[in-house]
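Me: I'd like to go through this one label by label and ask what each word rests on. Could you hold every value up against its cut-off?

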Amino acid sequence: MNSNGNAPVSGRPEALTQEFQGKPLTVTLFGYEPPAGQEKSKAIVRLCRSDVVYSTVQVLKEGGENNLHAHTAQDGIWIVLKGRVKFYGKDDALLAELGPLQGIHIPRGFFYWFESASPETLEILQVEAIDKTVKNERLNATPQKDFSKEIQYL
């Protein structure tokens, strides 16, 4: 089978749902394309979400830095698709500078922030797993930016 652009290829639609312990489970298919006509400096493209994991691609045209923060119940995996990124920890210590197909795992409770590190648009895959035994909170070590002016959710 061929797919159209980044649309996922699927076999039989009825095969995407199964039952487990009396509950229906459905596979989520997704594709990713950079947003056309991105108006703000950062776009977040949702790929999939369940009660314990979610994935997005963050697209940063420039800068895009966030504040120093941690998540109490989320372990994050970040993989650069395009461009370069710098991740920082406490006291702005450089954790890593990453390029395409390089990544970092940020354990829950670890304080970090990141920014685009090249003039090329940064596309970075985010995968977060959520520990359901812990209250999921964002801990801001520095003031959080007003993202409503900068982020476009797609």
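Me: Why is Arg 12 called exposed?

Reply: Arg 12 has a relative accessible area of 55%. Exposed means over 50%, buried means under 20%, and partly exposed is in between, using a 1.4 Å probe and protein chains only. So 55% puts Arg 12 in the exposed class. A caveat before we go on: this is a predicted model, where local features need pLDDT of at least 70, side-chain atom pairs need pLDDT 80 or more, and totals for chains, interfaces and linings use all residues. Residues are numbered from 1 along each chain as its sequence is written, and side-chain values use heavy atoms, with hydrogens and water left out.

Me: What makes the contact between Glu 14 and Arg 12 a salt bridge?

Reply: Their side chains come to 2.9 Å, N to O. The label asks for a side-chain nitrogen of Lys or Arg within 4 Å of a carboxyl oxygen of Asp or Glu, so this pair qualifies. Glu 14 is exposed too, at 54%.

Me: How do you know that Lys 82 and Glu 123 also count?

Reply: Their N to O distance is 3.9 Å, and that is still within the 4 Å limit. The pair ties together distant parts of the chain, as Lys 82 sits in strand E6 and Glu 123 in strand E11, 41 residues apart.

Me: What does Glu 123 touch?

Reply: Leaving out residues up to four places away in sequence, Glu 123 touches Tyr 32, Pro 34, Val 57, Gln 58, Val 59, Ile 79, Val 80, Leu 81 and Lys 82. A contact here means heavy atoms within 4.5 Å.

Me: What about Glu 137 and Lys 135: what makes that a salt bridge?

Reply: Their closest N and O atoms are 3.8 Å apart. Lys 135 is exposed at 63%, while Glu 137 is partly exposed at 36%. The whole structure has six salt bridges.

Me: How many helices and strands are there, and what makes something a strand?

Reply: The protein has zero helices and 13 strands. Both are DSSP runs numbered from the N terminus: helices are H or I with at least four residues, strands are E with at least two.

Me: How do you know that E1 and E2 pair?

Reply: Strand E1 (residues 17-20) and strand E2 (residues 23-26) share four bridges, in the antiparallel sense. Pairing takes at least two bridges found by DSSP, so they pass. Phe 20 stands opposite Lys 23. The two strands form a hairpin with two residues between them, and Gln 21 in the turn has a positive phi of about 50°.

Me: Why are E8 and E10 called edge strands?

Reply: The open sheet of three strands runs E8-E7-E10, with antiparallel pairing. Strand E8 (94-98) and strand E10 (113-116) each pair on one side only. Strand E7 (residues 85-88) is joined to E8 by four bridges, and Tyr 88 stands opposite Leu 94.

Me: What makes a group of residues a nonpolar core?

Reply: A core is a set of buried Ala, Val, Leu, Ile, Met, Phe, Trp, Tyr and Cys residues joined through side-chain atoms within 4.5 Å. The largest one has 13 residues, with Trp 78, Val 85, Phe 87, Leu 98, Phe 114 and Ile 124 having the most contacts inside it. E6 (74-82), E7, E8, E9 (103-106) and E11 (122-130) each supply at least two of its residues. Apart from it lies another core, of seven residues, including Ala 43 and Val 59.

Me: Which residues of E9 are on its covered face, and which on the uncovered one?

Reply: Ile 104 and Ile 106 make up the covered face, Gly 103 and His 105 the uncovered one. E9 runs antiparallel to E6, joined by four bridges, with Gly 103 as the bridge partner of Ile 79.

Me: And how much of the protein counts as buried?

Reply: Of its 154 residues, 37% do.
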